[in-house]
Amino acid sequence: QVQLVESGGGLVQAGGSLRLSCAASGRTFSRYIIGWFRQAPGKEREFVAAISTSAGNTFYTDSVKGRFTISRDNAKNTVHLQMNRLKPEDTAVYYCAAYDSNYYSAIYSQAHKYEFWGQGTQATVSS
């Protein structure tokens, strides 16, 4: 199992940046595929980005390509989401999530593939 704790959210003006972090417990962190999701008020949770176990592969939803970068440090059991050129529509609670690559080796964007979830961190972008 793995436990996930997000941090780094806050209030920023449009065009600004935030760096979200996801800290994981457990000795087998490097085995987990990690994803970031977000949920805005009144909307369904949506996929943002995901990264493979070795960080060799990343996957982004179209609306954040070129603005967001996902990375991981397996030695520190952390995953980061660097968010640049933020827009008001990026305002949401951001969640990191994980699933064991022993079960699914590919990267998925579907939330139901992810077994473990953090509590979320709020990111607010003002216009």
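**A disulfide and an aspartate**

Guide: At 0% relative accessibility, C22 counts as buried, and please keep in mind that this is a predicted model.

Visitor: Which residue does a disulfide join to C22?

Guide: Two cysteine sulfur atoms count as a disulfide when they are within 2.5 Å. The sulfur of C22 has a partner at an S to S distance of 2.1 Å, and that partner is C96.

Visitor: How many residues apart are C22 and C96?

Guide: The pair links distant parts of the chain, with C22 in strand 3 (residues 18-24) and C96 in strand 9 (residues 92-100). The separation between C22 and C96 is 74 residues.

Visitor: Is the disulfide of C22 and C96 right-handed or left-handed?

Guide: The handedness follows from the torsion about the S-S bond of C22 and C96, which is about 60 degrees. The disulfide is therefore right-handed.

Visitor: Is C96 buried or exposed?

Guide: A residue is called buried when its relative accessible area is under 20%. The value for C96 is 0%, so C96 is buried.

Visitor: Strand 9 also holds D100; is D100 buried or exposed?

Guide: D100 is found in strand 9, and its relative accessibility is 4%. Because buried means under 20%, D100 counts as buried.

Visitor: Which residue has its backbone nitrogen 2.8 Å from a polar atom of the side chain of D100?

Guide: Leaving aside residues up to four places away in sequence, D100 touches R31 and Y32. The backbone nitrogen that lies 2.8 Å from a polar atom of the D100 side chain belongs to N102.

How values were computed. Residues are numbered from 1 along each chain as its sequence is written. This is a predicted model: local features need pLDDT of at least 70, side-chain atom pairs count only at pLDDT 80 or more; totals for chains, interfaces and linings use all residues. Side-chain values use heavy atoms; hydrogens and water are left out. Helices (H or I, at least four residues) and strands (E, at least two) are DSSP runs, numbered from the N terminus. Buried means under 20% relative accessible area, exposed over 50%, partly exposed in between (1.4 Å probe, protein chains only). A polar contact is a pair of N or O atoms within 3.5 Å; within protein, one must be able to donate a hydrogen and the other to accept it, and residues adjacent in sequence count only if both atoms are side-chain atoms. Contact means heavy atoms within 4.5 Å.
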